[in-house]
Amino acid sequence: MNREMKTRTIWNRAGWICLLLSLWTLTCMGAETTLWYDKPAVSWEKEALPIGNARLGAMIFGGVEQEHLQFNESSLWIGDEHDTGAYQAFGDVFVDLKGSKTDSVTNYRRELDLSRAVHVITYNLGGVNFRREYFASHPAGVMAFRFTADKKGAYSGTINLTDMHKGKIVAEGNRLTSTGSLAGYKYEEGSANYSLALNYEAQLLLKNEGGTIHVQDGKLIFDDVNSFILLLDAGTDYLNQRSQHWQGKNPHERITQQIDAASKISFKTLLSEHVADYQKLFSRVTLQLGNAPADNASTDLRLVRYSQGNRELDLETLVFQYGRYLMISSSRDALPANLQGLWNDQIHPPWRSDYHTDVNIQMNYWMADQANLSECFAPYAVWLNSIRGVRKDETKSEFNTRGWTMHGENGVFGGSTWQWVESGSAWCMMNIWDHYSFTGDKEYLRSLAYPMMKEVCEFWQDRLKALPDGTLVAPNGYSPEHGPREDGVSHDQQLIWDVFNNTVKAADILGVDREFRDSIAAQRDKLLKPKIGNWGQLQEWMVDRDDPKDDHRHLSHLVAVHPGSQITLQKTPQLAEAARVSLNARGDVSTGWSTAWKINLWARLHDGDRAYKLIGNLLRLVGDTRMNYHNGGGLYANLFDTHPPFQIDGNFGYTAGVCEMLVQSHAGEIEFLPALPKAWAEGKVTGLRARGNLQVDLEWKDGKLVKAILHPGQDGVFKVRCGDKVGELHLKASTKTIFK
Ligand code: FUC
């Protein structure tokens, strides 16, 4: 071989290697932001994939012969001011494609790209490449589904709209409309009719390119079309105002207008506006754990391998970002994310798919500010504010107090059922205060947060009872969902301390209500305090009778450790040690949400490896959907967290847990890498938020911080810590400070 030929061969080889390497990198890229599968979904709960614009949502099956789009709208609720009612599934769109045979398809792939919030399905059938692209647009207020193929006239079939509440379906032109009322629907058979019944409507518009379409038997028929787009919108006349009896305008006009407006915009523009809007939120946080090549297998296979002990770090990142995706998709400007976020296919969903106040709604929102999605918090505060009047009335008639609280189950009209969870409203106020701590938004504090916090304090001012020595206890409380009703339960005590403590701070910041502020400060200091029991545990009850074998899923007496801040390693080390003893006793196996809480708790106790062990339990592939209160927690193939059944708090709680492992800010200082597990020896995160209106980027190697970059939103003095290294930084708004 002469010299020139030899060089060419080497170049060729190098060229090939480069090309292969870049192809490989390209295919691996996105493994931490893409879910994908090589077959259509069969199970709604375990396999279908969610899209949503916070008000509208759909679960997508991706079938070849029949596409099934099950959809929701967040205000479709039954119930009234006296009964929680339940969140309702809306309906389905079925697209039957003539001549499609699942068995004859090759290269099938359905994927959800979290970096753009776009769901894509591709396959080849008889030499033709088919492609579907779906998304839920927040700016346009509609969901869009496009079907294309690389051969003209490739689509013929039928489109069918169904309605879960037997409404009227009308097919006209290129539009299907369902309308109806929820009158007569009840969550529990045999109970009295609700005094409210919302009216609803859904519209589906078909836009075809080529071919013909016509209406037949209430369906849309399309023949030989080149491509088509479906636009879907739905709504109700729900209004979050008690003074208007919870009902406003019929949604018909708004839906018609939004669908018509969207139909005039090109798909390309609709898509690019959607992606730009979504990325404004999603792109704020990037996370990279380790530098091992991502597993390029389908998501279900990755989860199987992970469950077998191959702890792929990119899957941990993917599930972290999935929590952020689900938050953006289910909570922006409509109602808050419920037990299933926004996605529900039943009219009798598990636990009413409602707002549970003994841990679940609170857990949903732990991550919103930490993971840089502050906007997503707003619906929660707005909802609480809207039901406060109803809650006050019922609280007054039950307890004869000022202020308000709730039962365990809650709906959108203020109705509340099941057991009273007296400290539930105080726990919600912890979220409400935290949102201010993260954002520093004084207008929010003044107009929305403080008035609610004050009322919850008033409830406890009137309700607390003095023991003979003057110690104040909550009477007749309980530790959810656990033990008898009795006085001085730790969970209640800790939450009352928290709401009093935060309200004192809020009154100081706003410079209001001096007398009231002083009275709750004094009462806070007289509250029965956390106690250490005879086996070194943090007592769950006033009486020292905790059972070391008790592995109940609720961790209610540890609320002061997380999400609260009454007990910290820095300020109350002995109580923190007692909390560690209690948490150990509760064990590592439980429901999805309980596992997620344990990750957060171990992170607060600075045990990164233990938190990481719990992450292993949470990212466990589960196949069972039957109710399990003890040991069934994990993920389904679609990465929905499961109790079981599916419950979204575990997804959000996991994302919060990862944040807590990397940055903490609850103890009056900002701590970097407080609970870094050995497995995450190397990594990078950008865009996490800390209390004090601050953004934090971190880079670490060999388990040690390389640098932290702080981006404050306002001027301030911050104490920062990383391990033993402590500093005090004077930061100026909109500047960048590096801490090493
Ligand atoms: C609480 C929990 C249950 C379940 C339900 C929705 O009652 O105790 O485990 O998560 O909420």
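Guide: Contact means heavy atoms within 4.5 Å. The model is a predicted one. With that cut-off, and not counting residues up to four places away in sequence, asparagine 124 touches Ser104, Val105, Thr106 and Asn129. Asparagine 124 itself has its place in strand β9, residues 118-125.

Visitor: Why is asparagine 124 called buried?

Guide: Buried means under 20% relative accessible area. Asparagine 124 has a value of 14%, and is therefore buried.

Visitor: What makes the pairing of the side chains of asparagine 124 and asparagine 129 a polar contact?

Guide: A polar contact requires a pair of N or O atoms within 3.5 Å, one able to donate a hydrogen and the other to accept it. The side chains of asparagine 124 and asparagine 129 are joined at 2.8 Å. A polar atom of the asparagine 124 side chain also lies 3.2 Å from the backbone nitrogen of glycine 127.

Visitor: Is arginine 388 buried or exposed, and how do you know?

Guide: The relative accessible area of arginine 388 is 18%. The limit for buried is under 20%, so arginine 388 counts as buried. The residue belongs to helix α8, residues 378-399. Its side chain makes a polar contact of 2.4 Å with the side chain of asparagine 385. Leaving aside neighbours within four places in sequence, arginine 388 is in contact with Trp404, Pro451, Met452 and Glu455.

Visitor: Why is aspartate 715 described as partly exposed?

Guide: Buried means under 20% and exposed over 50%, with partly exposed in between. Aspartate 715 has a relative accessible area of 46%, and is therefore partly exposed. Aspartate 715 is found in the loop between β33 (704-712) and β34 (716-722).

Visitor: Which polar partners does the side chain of aspartate 715 reach?

Guide: The side chain of aspartate 715 makes a polar contact with that of lysine 732 at 3.5 Å, and reaches the backbone nitrogen of alanine 733 at 2.7 Å.

Visitor: What makes helix α4 oblique to helix α5?

Guide: Helix α4 (residues 299-307) and helix α5 (residues 313-330) pack at about 120°, with their axes 10 Å apart. Roughly perpendicular covers 65 to 115 degrees and roughly antiparallel begins over 145, so α4 is oblique to α5. Their crossing is left-handed. Thr299, Arg302, Leu303 and Tyr306 of α4 meet Asp314, Leu315, Glu316 and Leu318 of α5 in this contact. By class, the contact residues are four nonpolar, one polar and three charged.

How values were computed:
Residues numbered from 1 in each chain as written. Predicted model: local features only at pLDDT ≥ 70, side-chain atom pairs only at ≥ 80, totals over all residues. Heavy atoms only, no water. Axes fitted to C-alpha atoms, helices over the stretch in contact; angles between N-to-C directions. Helix = DSSP H or I, 4+ residues; strand = E, 2+ residues; numbered from the N terminus. Parallel < 35°, antiparallel > 145°, perpendicular 65-115°, else oblique. Left-handed = near helix turned anticlockwise from the far one by under 90°. Nonpolar A, V, L, I, M, F, W, Y, C, P; charged D, E, K, R; others polar. Buried < 20%, exposed > 50% of the residue type's maximum accessible area, 1.4 Å probe, protein only.
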